Amino acid sequence: MDNIIIRHAVAADGTSVYRLLSQLTERVNNAVLFDELFESAVDFPNTIYLVAEDNGNIVGFISCHGQILLHHMGWAYEIQEMFVEEAYRSKGVGKRLLKHLESILEHIDYDVIEVTSSHKREGAHAFYQAHGYEHTHRKFTKKKI
């Protein structure tokens with residue numbers, strides 16, 4: 001795993017990130033729309049998209065978005081997506097993505113980093129807890145009808 005490079009994502013990474021996130025959820029199922037959304041969001045202020053690359057192949061992705069939350073009296077950053085190719089799991093790629101993100105945020109004034117993870121992803125929960133994240137909230141969602 002010495003070949004792994006963590007870097008900021010660019011618009012041209014959209015196809016590779018689509019491939020990863022379509023494995024994470026069935027909601028990612030329209031490559032054309034995904035590319036449009038990815039390209040428009042990759043350079044948003046207060047948005048951080050990072051990829052893990054192995055010899056030119058993107059094998060991991062993490063996204064984080066910052067916003068002012070009044071109940072935090074400041075900025076909160078939330079990890080929205082994180083996915084690592086199965087062949088690269090348990091080899092430190094996810095840890096490197098997370099640590100790189102945290103190193104970027106060290107230079108930004110914020111109150112908290114939060115993570116949303118499906119209740120089904122117990123391995124992801126253990127991963128975050130092993131890296132100092134506490135289970136403090138429940139998240140509720142309502143789909144548009």
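Visitor: Which residues does Leu101 touch, not counting residues up to four places away in sequence?

Guide: Leu101 touches Ile48, Leu50, Ile62, Cys64 and Ile79, with neighbours up to four places away in sequence left out. Contact means heavy atoms within 4.5 Å. The model is predicted: local features need pLDDT of at least 70, side-chain atom pairs count only at pLDDT 80 or more, and totals for chains, interfaces and linings use all residues. Residues are numbered from 1 along each chain as its sequence is written, and side-chain values use heavy atoms, without hydrogens and water.

Visitor: What makes a set of residues a nonpolar core?

Guide: Its members are buried Ala, Val, Leu, Ile, Met, Phe, Trp, Tyr and Cys residues joined through side-chain atoms within 4.5 Å, where buried means under 20% relative accessible area (1.4 Å probe, protein chains only). The largest such core here has 22 residues, and Leu50, Ile62, Ile79, Leu97 and Leu101 have the most contacts inside it. Helix 3 gives the largest share, 6 residues. A second, separate core of 16 residues includes Ala9, Val28, Val42 and Val51.

Visitor: Why is helix 1 called oblique to helix 2?

Guide: Helix 1 (residues 14–24) and helix 2 (residues 31–41) pack at about 120°, with axes 9 Å apart. Angles under 35 degrees count as roughly parallel, over 145 as roughly antiparallel, 65 to 115 as roughly perpendicular and the rest as oblique; therefore helix 1 is oblique to helix 2.

Visitor: Which residues of helix 1 and helix 2 make the contact?

Guide: Helix 1 contributes Gly14, Thr15, Val17, Tyr18 and Leu21, while helix 2 contributes Ala31, Phe34, Asp35 and Phe38.

How values were computed. Axes fitted to C-alpha atoms, helices over the stretch in contact; angles between N-to-C directions. Helix = DSSP H or I, 4+ residues; strand = E, 2+ residues; numbered from the N terminus. Buried < 20%, exposed > 50% of the residue type's maximum accessible area, 1.4 Å probe, protein only.
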